[in-house]
Amino acid sequence: MPSEYDIIIIGAGIVGSLTARFLSRYDLDILLIEKESDVCAGATGGNSALIHGGYDAVPGSLKAETNVRGNAMWDQLSAELQFPFDRRGTYVVAIGEEEFPRLAELHQRGEESGVPVETISGAEMRRREPRINPETSGALYCPSGGICDPWAATIAAAENAVQNGVALRLQTQFRDFIWADETKREQIVGIQTTQGDFYARWVVNAAGLYADEVMHRAGVRPEFTITPRRGEYYVLDRADVEINNVLFPVPTEISKGILVTATTHGNPLVGPNAQEIDDKRNVDVTPAGMAEIWQGAQKLIPSLTRRNIVAVFAGLRPGGNAPCLGCDVEYNKDFIIEIPTEVHGLVNLGGIESPGLTAAPAIAERVVELLRSAGEELTVKSTWNPIRPARPVFRHLSPQEQATLVAADPRYGRVICRCENVTEGEIVAAIHAPIPAVTYDAIKRRTWLGTGRCLGAFDTPRVIEILARELGKDPLEISKKNGGSEFLTRKTKEVRHA
Amino acid sequence: MRKQLKSNYEVVVIGSGPGGLAAAIAAKKAGADDVLIIERDLELGGILLQCIHNGFGMEIFGEDLPGPSYAQHYINAVQALGIETLLDTMVLDITRDRRIYATGARSGYLDLQAAAIVLAMGCRERTRAQIQLPGPRPAGVYTAGTAQRWVNVEGYMPGERFVILGSGDIGMIMARRITFEGGKVERVLEILPYLSGLNRNYVQCLQDFDIPLQLRHTVKRIIGNDRVEAIEIAQVDEHWNYIAGSEELIPADTLLLSVGLIPENELSKQAGVQLDPLTAGPIVTDGFQTNVPGIFAAGNVVHVYDLVDWVTKAGLVAGRHAAQYAQQLTHQVGERKYVPTASGKNVRYVVPHQVAPESLTEDTITLQLRVTHPLEEPVRVLVHDGENLITRKLKRYARPGEMLEIPLRGRDYDAVRKAQELRVSVVPKG
């Protein structure tokens, strides 16, 4: 790999990966770096997986603007990159007569933002979602909302970028900027990383939770800070609980509230709560948090029982404190999408929390426009291919398609993950994909293996065996997410070296 | 060359653990010609193959066998009887009219019709999510059964310093096994005030190796982002709340979970089989037929057993009835009169859920039950219909971890036939 590029993108979450993919259309040498061992390992990896309609963002904010624009881009994006996306609409559900008037406020806000919304009766909501709280008095339906698979979307975007010539370096952490003149610190010419120095004319800060630290290294927006806001979630067993829709409670001042939602992978999701913390690595689930989300979920679906739970996880929202300039009201949690004037060579993104997933394609598009307006000559490559072909997903096929696939490649006939019916064929394909999946968690993100009710108890030994075989490694070297998270410590009958 | 599979079978057994093997053998012996076992793993035997410790077979063989030897006895019988087997094959779907869709790397995609099906998928282990353990999700948190597979079958150690949560049998057996392999088991924790596994396993696996067991204790937090670094434990009160000040930090690289087993009934649900929320297994008759005519269930898929011998016995009953059904010898549920069983004093559940009095003209019916809490004194197991005592049995004690049995015999036929219900209670002898 060369060490000189036109553009370096820091962070391979959904924003960084889509930015790389959009920029890969042009005749540019691009490097995408990620400090973790896989893409979508930060904020993108743990959220509600929703594509928001945008009725509730503060009008005039970048959040509102990129939400609406981003929402409209997901159909084409999911068609080209071939990942699961379902525009099935979202609901805000009023429980009891006292919550019903709140729907009118949201309805009006939606209309002001140009987002289609419709208020439906309690009876209609109960018809559409039979398990909903019988005291439901009405709901606000937003038909442009939807659900997606953020792991698949990010992986597909990054793979498409790589297929179109972007260099991806995992386990490569940003340390500092390199300046044309270290004393003046005006012109960025590259970055120092844990894997060496890389040079470029432009650096895009898509560092998510760490975006504040990156921009401070450039001397930009010293007052901007990211405060991680942790959200805890439960995943429920689709064999026990059928949820057809995206169900929000009536929001509070600080949060969209604890939702219950259908997902593209089938197992319903409940959460998140919102807890400000100071450690950007802290994805603990806590007794208090779990109690809180359970209470919230039961408000919408009172018949849930704890026996329905198959998984528990937490994600972090990279909440920032950037003031909104275009808002009529005082609002200090807007996105940052800018080329700062005090330095040259930086495209600065920050505070990309909800609706960041929805907005990500619009943010990526805006990065392209910012570069163009800064005089960057963007020449479309004739070889650019926007299509990232999806790999077969056994459980989503019809019986006839399954039979054909198994006949063509018997490895698709061997089920490794019993709960989610993930086959050896899918695992091997993920290991040998354009971005090779070399850890258990990387395979999980690509196949949904181990996310079901046994939580990997049956598949883990077999996945280790397959990874070791395909990578020519010893099973002792196979890890969950990177070095330091190996599953096994030694062979039996061997003396332990203290 | 594999023998060409037929597309129709009299009895198809799903799973080849002790329940499935016994069901297939009994079905064949009861006259079913075409019997097929479908097994998802590479070999017959189910989870017994990784249970290399002894303790199997005392009831049936009067011998203390390791798991694989116990299984081999029945595998030999399966082969001797010419029962067909399909290994490395996963059943994807079962319909109410007993069509089976399955797939395997060697067997390809399959579509079979069975006259009768015996569900014998066994059970799976409860996970950290189901008990909602706080903390991040590093490597080093495993179920005891997964660790058992690594150590006993694949020859790898999943860690060096262990905390084991739950005093289930697999957890205690793994505590000893890890000790044999040079690992250190720092602690076994049980949230309940009493043991959840068999007492003999406590004596032979923990006491004999000086492994400390702490009752009324649980994991308060897992620590470590990449790999487990330590486990914070705490004592709990009677409502399972942590007692402030009782916390202790135990350096460890592995947390093993032995916190209960859940019958695996996802396929059963797909076939429309009704489940009992208490056992998490199908509602069954004394012949182990479910509410779906022609679909039977045997072993841990019905409710979790603590002795394999009893799983085998249940499999034999289910297999015989499945063969009879396949040969049209039995009437369907609904046409026959059934008497429901019920849980009385101190009883958590009773299996089977319905008893056909006519069965008593052919065979003994064994009612199996678990108590709600330990009764550490001589007890009577009683079967009542209202005020009428039908049968009773004396036991030295009753513990939730040890299943109880009480037989109904031919002599009880008249009483059972007249009964409105069979209410089973366990009361101190007094």
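In chain A, helix α10 passes helix α11 in a right-handed crossing. A crossing is right-handed if the near helix is turned clockwise from the far one by less than a right angle, and left-handed if anticlockwise. The model is predicted: local features need pLDDT of at least 70, side-chain atom pairs count only at pLDDT 80 or more, and totals for chains, interfaces and linings use all residues. Residues are numbered from 1 along each chain as its sequence is written, while chains are lettered from A and ligands numbered from 1 in the order in which they are written. Helices (H or I, at least four residues) and strands (E, at least two) are DSSP runs, numbered from the N terminus.

The axes of α10(A) and α11(A) lie 10 Å apart, and the packing angle is about 115°. That makes α10(A) roughly perpendicular to α11(A). Angles of 65 to 115 degrees count as roughly perpendicular, under 35 as roughly parallel, over 145 as roughly antiparallel, and the rest as oblique. Axes are lines fitted to C-alpha atoms, for helices over the stretch in contact, and angles run from 0 to 180 degrees between N-to-C directions.

Which residues of α10(A) and α11(A) meet? A:E426, A:I427 and A:A430 come from α10(A), and A:I443, A:R446 and A:T447 from α11(A). By class, this contact has three nonpolar, one polar and two charged residues. Ala, Val, Leu, Ile, Met, Phe, Trp, Tyr, Cys and Pro count as nonpolar, Asp, Glu, Lys and Arg as charged, and the others, Gly among them, as polar.

Helix α11(A), residues 440-447, is mostly covered, with eight of its eight residues buried. A residue is buried if 20 or more other C-beta atoms lie within 10 Å of its own, exposed if 12 or fewer, and partly exposed in between; C-beta atoms are placed from the backbone. The buried residues of α11(A) pack against α5, β22, α10 and α12 of chain A. Just after the helix, A:W448 takes a positive phi of about 70°.

Now the whole of chain A. The chain has 12 helices and 23 strands. Its radius of gyration is 23 Å, close to the 23 Å that the globule rule gives for 498 residues, so chain A is as compact as a globular protein of that length. The radius is taken over C-alpha atoms, and the rule is 2.2 Å times the number of residues to the power 0.38. Of the 498 residues, 56% count as buried.

Next, the partner chain. In all, 45 residues of chain A are in contact with 43 residues of chain B. Contact requires C-beta atoms, placed from the backbone, to lie within 7 Å. On the side of chain A that touches chain B, α7, β18, α9, α12 and β23 each supply at least two residues. That side divides into 23 nonpolar, 10 polar and 12 charged residues.

Helix α4(B), residues 144-154, has eight of its 11 residues buried, so it is largely enclosed by the rest of the structure. Its buried residues pack against α12 of chain A, together with β7, β8, β9, α5 and β16 of chain B.

Some backbone details remain. The peptide bond from A:G271 to A:P272 is cis, with omega near -5°. Another cis bond joins A:S354 and A:P355, with omega about 5°. In chain B, B:R216 has a positive phi near 55°, and B:A280 has one near 65°.

Conventions. Contact = placed C-beta atoms within 7 Å.
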